Amino acid sequence: MSALLQVASVAKAFGGNKVLQDVNLKIGAGEIVGLLGPNGSGKSTLLNTITGFEAADHGHIVYEGQRIEKLPPHRIVRTGIARTFQLPSMPKKMSVIEVAMAAATRAHGVGATLLGTPGAREAERQARNKATALLDQLLLMPVRDLAASALSGGQKKLLGIVCALMAEPRMLMLDEPTAGVHPNLRRDIVNALQKLNAGGMTLVIVEHDMHFIREVCTRCVVLDRGHIIASCRPDELAANERVLQAYLGG
Ligand code: ADP
Ligand code: MG
């Protein structure tokens, strides 16, 4: 497998708490990888480290042949990796479509220097068109003019996906996209993710729901106390001793 993303010997500690230890991971183009593990095992920290929100203490991270472990988040987004957050927080005074459009500004670095110029107006028009198409794809058009902070938890997760997609990533990392989401919306999220993957996007998904994992993921990677303890097909998880031990607290 030629890796799109390679994580090599990555370690991360917070004070004396060794949250990631010698993590090695390869993600191939087109995979849908489920990242599993008990609470506190380091899943969000691994996503944060790959996407530049936390600096790794050791190791390196290579995306499409480029070292990225020292890049800040906005530069990593521009290499082609976007992510969503476990608990999306939304600005109070912006509408849904404004939040989506602001994500394009961050992703493409259209700065304040351009404000008011023809270039800025063209960039805004493009961002609006793209945001509208993505809001439509993720079923948020009916709420496009509502305050983003007024959305339900599930709708915020959908808007988080829209914001990530505004960067036109080749790889999308999602942190618990269906946790706390109404079953109807969960189905919509599954459909949307499968469509994105069919269109060529590589997905890494932190998820606890085994139905979701079996239905969506082509491979599972399991973290336990900062170590990767398994990499297998979803249907092989139940027979994996180390995985069972991790979840039983052994
Ligand atoms: P998971 O997503 O698997 O539930 P996390 O990666 O969020 O786990 O957390 C793993 C461990 O790292 C936990 O013990 C958590 O308290 C700690 N941790 C995570 N982020 C920070 C941080 N910014 N500062 C200090 N400790 C953190
Ligand atoms: Mg987490």
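Tutor: Among the elements around ligand 1, α1 contributes the most to the shell, namely three residues. Helices here are DSSP runs of H or I with at least four residues, strands are runs of E with at least two, and both are numbered from the N terminus. The model is a predicted one, in which local features require pLDDT of at least 70 and side-chain atom pairs count only at pLDDT 80 or more, while totals for chains, interfaces and linings use all residues. Residues are numbered from 1 along each chain as its sequence is written, and chains are lettered from A and ligands numbered from 1 in the order in which they are written.

The confidence values come next. The protein chain has a mean pLDDT (the predictor's confidence in each residue, from 0 to 100) of 92, and 95% of its residues reach 70 or more. For the complex, the predictor gives an ipTM of 0.99 and a pTM of 0.93.

The shell around ligand 1 consists of Phe-14, Asn-17, Val-19, Gly-37, Asn-39, Gly-40, Ser-41, Gly-42, Lys-43, Ser-44 and Thr-45. A residue belongs there if its C-beta atom, placed from the backbone, lies within 6 Å of the molecule. Both α1 (43-50) and β2 (17-28) supply at least two residues of this shell. By class, eight of the shell residues are polar, two are nonpolar and one is charged. In this scheme Ala, Val, Leu, Ile, Met, Phe, Trp, Tyr, Cys and Pro count as nonpolar, Asp, Glu, Lys and Arg as charged, and the others, Gly among them, as polar.

Seven of the eight residues of α1 are buried, so the helix is largely enclosed by the rest of the structure. A residue is buried if 20 or more other C-beta atoms lie within 10 Å of its own, exposed if 12 or fewer, and partly exposed in between, with C-beta atoms placed from the backbone. The buried residues of α1 are Lys-43, Thr-45, Leu-46, Leu-47, Asn-48, Thr-49 and Ile-50. After α1 comes Gly-52, with a positive phi near 85°.

On one, α1 lies across β1 (3-14), β2 and β4, running at about 65° to β2. Contact requires C-beta atoms, placed from the backbone, within 7 Å of each other; axes are lines fitted to C-alpha atoms, for helices over the stretch in contact, and angles run from 0 to 180 degrees between N-to-C directions. These strands belong to an open, antiparallel sheet of four strands in the order β2-β1-β4-β5. Because β2 and β5 (66-67) stand at the edges with a single partner strand each, one side of each is left without a neighbour in the sheet. Pairing requires at least two DSSP bridges between two strands. Strands β4 (residues 58-63) and β5 pair in the antiparallel sense over two bridges, and Val-62 stands opposite Arg-67 in β5.

α1 also lies across β3 (32-36), β6, β7, β8 (202-206) and β9, at about 145° to β7. They are part of an open sheet of six strands with mixed pairing, ordered β6-β7-β8-β3-β9-β10. Its edge strands, β6 (81-83) and β10, each pair on one side only. Neighbouring strands of this sheet are turned by 20° against each other on average, direction ignored. Strands β9 and β10 pair in the antiparallel sense over five bridges, with Ser-231 in β10 as the bridge partner of Val-221.

Key. Two residues are in contact if their C-beta atoms, placed from the backbone, lie within 7 Å.
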